[in-house]
Amino acid sequence: MKPVILLSAILLLVGCDQSSNRSEASEQRESKTKPTLEDVSLADLKGNPIKISDYKGQVVFLNFWATWCKPCIAEMPSIDRAKKALEGKEVVFLAASDESIEKIERFMGKYEFSFDFIQMKDDFATLAIHSLPTTIIYDRSGKIILNEVGARDWDTTEMIEKLTSL
């Protein structure tokens, strides 16, 4: 009986020590700065790299989505209407998926949206995106002014006015 108790005590101590090390490692990772979109690899569907800074001077509406995400697909018509309402304004609409270019193109073949689809070469977790859809809006200077999780109606009068005024 004593060897079982001794073995249990040793395993408990070793287990606590390992979880302590995991906790320290987790704290070290969290203390590092989170990557920004400038650190993340984005590309158009021809594979050409894209940086958010490429759009400086324009408002950037960046929607993270996936082909399997029903709320993502449900909000796309309102994104498309918002883009059309802002035609001629300096507002760029991008929809980024971490899926393959082939899968994104197959999706595009089923729908007729006027905004630009792009690919995120990294996975969503790189940017701490844990729920789709997620939309980030940048003002003309490149500052994030909105970070929304979940589907929205993007073509409301209020949103169109907000995007126009940035």
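The legends below describe close-up views of one predicted model. Residues are numbered from 1 along each chain as its sequence is written, and side-chain values use heavy atoms, with hydrogens and water left out. Because this is a predicted model, local features need pLDDT of at least 70 and side-chain atom pairs count only at pLDDT 80 or more, whereas totals for chains, interfaces and linings use all residues.

**Figure 1. The chain as a whole holds four helices and seven strands.** Along the sequence these elements follow the pattern α-β-β-β-α-β-α-β-β-β-α, where helices (H or I, at least four residues) and strands (E, at least two) are DSSP runs, numbered from the N terminus. Of the 166 residues in the chain, 37% are buried; buried means under 20% relative accessible area, exposed means over 50%, and partly exposed lies in between, with a 1.4 Å probe and protein chains only. The accessible surface of the chain comes to about 10,200 Å², of which carbon and sulfur atoms hold 54%, the areas coming from the Shrake-Rupley method with a 1.4 Å probe and, for residues, only the protein chains shown counting as cover. Among the contacts in the chain with a separation of 6 or more, 67% are between residues 24 or more positions apart, a contact being heavy atoms within 4.5 Å.

**Figure 2. Seven strands form an open sheet with mixed pairing.** The order of the strands is β2-β1-β5-β4-β3-β6-β7. At the edges stand β2 and β7 (144-149), each with a single partner strand, so that one side of each is left without a neighbour in the sheet. Two strands are taken to pair if DSSP finds at least two bridges between them. Helix α3 (residues 101-110) lies across β4 (91-97) and β5 (116-120), and runs at about 160° to β5; the axes behind this value are lines fitted to C-alpha atoms, for helices over the stretch in contact, and angles run from 0 to 180 degrees between N-to-C directions.

**Figure 3. Strand β6 is largely enclosed by the rest of the structure, because five of its five residues are buried.** In a regular strand the side chains alternate between the two faces of the sheet. In β6, both faces are covered, with Thr134, Ile136 and Tyr138 buried on one side and Thr135 and Ile137 buried on the other. Strand β3 (residues 59-64) pairs with β6 in the antiparallel sense over five bridges; within this pairing Leu62 has Ile136 as its bridge partner, and Val60 stands opposite Tyr138. With β7, too, β6 pairs in the antiparallel sense over five bridges, and here the bridge partner of Thr135 is Glu148. The strands β6 and β7 form a hairpin with five residues between them, and Gly142 in the turn has a positive phi of about 95°.

**Figure 4. Thr134 lies in strand β6 (residues 134-138).** Its relative accessibility is 4%, and therefore Thr134 counts as buried. The side chain of Thr134 reaches the backbone oxygen of Ser131 at 2.6 Å. Leaving aside residues up to four places away in sequence, Thr134 touches Leu62, Asn63, Phe64, Ile129, Asn147, Glu148 and Val149.

**Figure 5. The loop between β5 and β6 includes Pro133 and Ala128.** A cis peptide bond joins Leu132 and Pro133, with omega at about -5°. Ala128 has a phi near 60°, a positive value in a residue other than glycine. Because its relative accessible area is 36%, Ala128 is classed as partly exposed.

**Figure 6. Cys69 and Cys72 form a disulfide.** The structure holds one such link, a disulfide being a pair of cysteine sulfur atoms within 2.5 Å. The sulfur atoms of Cys69 and Cys72 are 2.3 Å apart, and the link is right-handed, with 80° about the S-S bond. Both Cys69 and Cys72 are buried.

**Figure 7. Gly47 is placed in the loop between β1 (42-43) and β2 (49-50).** With a relative accessible area of 35%, Gly47 is partly exposed. Although Gly47 and Ile118 are 71 residues apart in sequence, they are 9.0 Å apart in space, C-alpha to C-alpha.

Definitions and conventions
Polar contact = N/O pair within 3.5 Å; in protein donor to acceptor, adjacent residues only side chain to side chain.
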